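Reader: I am new to this structure. Could you take me through some of the terms used for it?
Author: Gladly. Ask away.

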Amino acid sequence: MTGQTTVRPTAPAVERRDRPTAVPERAEAPVAAGEARLVTGEPGCGRSRFLDRAARAFTAGPVVHVRADPAAATVPYSGLRALLGLFAEPNTHRPAAPPRNGRHALDPLDAPSADAALRSALRTASAGGPLLVCVDDAHLWDPASRAALGRLGRDPRAAGAVGLLLTAPGHRPLDPEFAGIPPLRLDPLTAAASAALLDEETGGSLDRGVRDDLVAEAEGNPALLLALLRSLTPAQLRGRAPLPRPLADAELLTALVGGCPSALTAEQEQVLLTAAAAVREAEDGSAAVAPVRRALARLTGGAPAARLDPPPDLLVLGDGRLRFRSALVRRALYARAGERGRRAAHRALAAQETGLPGLLHHAWAEPADAATATDGAAAALATALAAAAADPAVPASPRLRCAALARAADLTGDGPDQARHRLAAAQQALLAGQPHRALRLLDAVRTGAPDAELRGRAELLRGAALLRDGPVDEARATLLLAKSLLAAHAPAAALAATLGAADAAWAAGDVPGCLEALAEGRGEKEPEAPSGTPAGPGAASADPAASLASGDDVLREHRRGMLALLERRFGAAVRSLRRVVDAAAPGDRVETLLRAAAAALLMGDLVGARGAATAALVAARTQGEAAALGPALEYLAYTELRAGRHGLARTHAEEGLRAAHRAGQRNTAAHHHAAQALAASIDGDADAVARHVRHAQEISLRHGLAQAATLAEWALARADLGDGRPAEAADRLGPLVRPGPGRGHFAVWMLAVPCFVEAAARAGRGGSAGPVVEEFAEWARFGADPQAPAQLLRCRALLAPPDRADGLYESALALHDTAGGDFERARTEFLYGQWLRRRRRLREARDRLGAALVGFERCGARAWAEQARAELRANGTSAGGARAGDLSALTPQQLRIVHHVAGGATNREIAQALTVSTRTVDYHLRKVFAALGVRSRVELARLVEQTEKTPAHP
């Protein structure tokens, strides 16, 4: 009974549908037979649910699932007896052998007999196939049972075909018995996964604003998220009554951590509270030890530092810094200390810290209410705090600047200054990847802003947030509202709103909307300090509100280039976009570099796009701008896809997806899913294609992302084509590339035309592809895609009569030599070889198909490589290695090159020796590799050596 689960005590059957870093999305079990993992995480992270899901995902055989009984933790071998008892019960999947002579195998109560009994039972249970053993809360077993379990975990193969999953909390030191078992730590949920969990629990009936509040408050902890949900009234769940503040109070947090910590001395309580105050807004959750120790000495009247060491089961010290093992425990400790204790801790820290952190601790030490907001001292502190947070020379992360500006607003009375502080705090929250925090600050600005400019700037930031995570139609409307409010007061910000609205229309595939937004700015007064976002086929957009202080005209040129491109004035477009690319340099602000990457992609300048996007990524990491990581990696992923470097594109997209999830950017995440689907379609990973397409389309449908949806559909079609299903690929691509209401996104469909033409031709429907080829010819002349000229000739060859196809294929291959890119060249070689084989030109076909095979294998296109092998077999040629005698089929020039390679010469050295170009050497080597069936220079040298040792036949 595969997949049967026996649980003692009974575990709740609640499925977790998240944890991409812990539970593979393919629903594969996290362990295989003969492996062990120790699943850890902070309280409430979902270890039990993880085990439940892993048990359901294990389909190779039966599952035994046992949960520790804390009441028996003092009884030696009680845990082991409970586990072994499951194998003897009649309702389990496979009974173990009965005890000998009526005695239980554990009666001697010593380690050797325990190990022997456990391994014997498991070997017997797994004799018919793999077995998964899940032990929840293994740390609560008695010490003797833990030791036996730990020994098994370090050597699981000794028990046969058994996989072992244990869970133990990660907010306390690891039990020594489990040392050596590979750990698997459950990370916090992403914002998207948290929202999905709430939708699942409530059937989607939860008010959107309330849902976002709960997600932000839970900080990725699923137990806290569900506890907060259950604490609300029906009216609060529907958004008809205000939510309690704070949402997570001390009582709730303490209950979730199980009273941990308990039995602390007053001194230990003070240590933990001061440490919790020190890391309150720390980016990495850590703080320097030295100022904390000095603050503690101040609080305790000069007590020796040696007495202030923290409890090791809660705090970790290393490299002069401290951090909590659990963020939830830290929050519980901070909340239960009370306002007076928290303010005292911050006051002590303020005396030890300098710069912005010191000012912020000073501000947290002050009460913030209506009475103190008008106090002169509080107002002066707010002014100093806001000035320090706004000073770019002050070293601080966006998250810290946001906290400082938000606190300055709290200490300021109602009025324009308070609104400005909140507006600036919201901008920093967006940069820090905290969109919910930004939106809540903007809500306050919207209700309290006294003038149109402040309201307009608030709408500009709101639109920036929606561009990354929200319906793009709503983003466009919001940004157009911002433009109208800002036009008379802040032309730079109005231009930013104009470009942002164009970005939103671009993402939605709305060409008239793009033109309208961009054209509206033509008659505007040219701003002295333009700012905004690019829009481009890479789909990543710089934050329109993040560049309000820009002092150059790059943004203006970007708008001109975009408008010219959409109006098909390609020469003017290239001139303006080139200025954007040339104006960027390493060290520039992140948004300037992202604009340059977008402009470079629009022109097909992949070298420029790669350089600008890489510089943007470095700058974002250096400056702590978490919101820019996902877009920068998105540009890199699309650049490498266009360059045919699919493995690297997949790596960028995987990292970018994590960054987008951390920053709450579902729209950016949709594009990373699409990029991964496109890369996986080359790898032949059908499961990955389907998975990423599903995620991309789910977000695209909800938020109106036509571009991401078209890319995802293209990935499915390319997977069909790579798997030898051209008719299905043509059916899928036809509506996307042919004129009509179902046509795909205008920045993507041209890129998909070569796939459609190939699919249609191979499916015997070439006549339907003629009109789109002529449109593609115009795209190729623009020069925005370095592969397009060669692809155009390949398309024409596929549709041409036999007397013209030969020359078109040869011309296409010559252009591939200039454009580079293994994958596209290999596709042309493959189609040409296929065409030659069907005309019985077998030797020429072998050369082309062999070159295609080498190219496909070099770029990891496994499905295409298999098609090339099949064609070679049909051609009567083995796709494996070559015999020594095959060297005789080479031309004299190829033989000379082969012998130079065998001698260890580089292509440049060979070219110099033979007085030819390196390109010629590379061309001949591709032919040689294909003809001989070798994949590397090492294999070629070995083949030459074998040939020279083999005596010639008479």
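Reader: Where does Arg 743 lie relative to Trp 749?
Author: This is a predicted model. In it, Arg 743 lies over the face of Trp 749, 3.4 Å from the ring centre. The distance limit for a charge over a ring is 6 Å.

Reader: What sits over the ring of Trp 714?
Author: The charged end of Arg 718 does, at 5.0 Å from the ring centre.

Reader: How many aromatic pairs are there?
Author: The count is eight.

Reader: Why is the pair of Tyr 809 and Trp 835 called tilted?
Author: Their ring centres are 6.2 Å apart, and rings pair if the centres lie within 6.5 Å. Their planes stand at 55°. Stacked needs under 30 degrees, edge-to-face over 60, and the rest count as tilted. So this pair is tilted.

Reader: What parts does that pair tie together?
Author: Tyr 809 belongs to helix α36 and Trp 835 to helix α37, so the pair links parts 26 residues apart in sequence.

Reader: How do you know whether Tyr 809 is buried or exposed?
Author: Its relative accessible area is 2%. Buried means under 20%, so Tyr 809 is buried. Trp 835, at 11%, is buried too.

Reader: What makes Tyr 832 and Trp 835 a tilted pair?
Author: The centres are 6.2 Å apart and the planes at 35°, so the pair is tilted. Both residues lie in helix α37, three residues apart, about one turn of the helix. Tyr 832 has 1% relative accessibility and counts as buried.

Reader: Which residues form one aromatic cluster?
Author: Phe 823, Phe 830, Phe 856 and Trp 864.

Technical notes: Residues are numbered from 1 along each chain as its sequence is written. This is a predicted model: local features need pLDDT of at least 70, side-chain atom pairs count only at pLDDT 80 or more; totals for chains, interfaces and linings use all residues. Side-chain values use heavy atoms; hydrogens and water are left out. Rings of Phe, Tyr and Trp (its six-membered ring) pair if their centres lie within 6.5 Å; planes under 30 degrees apart count as stacked, over 60 as edge-to-face and the rest as tilted. Helices (H or I, at least four residues) and strands (E, at least two) are DSSP runs, numbered from the N terminus. Buried means under 20% relative accessible area, exposed over 50%, partly exposed in between (1.4 Å probe, protein chains only). A charge sits over a ring if NZ of Lys or CZ of Arg is within 6 Å of the ring centre and within 35 degrees of the ring normal.
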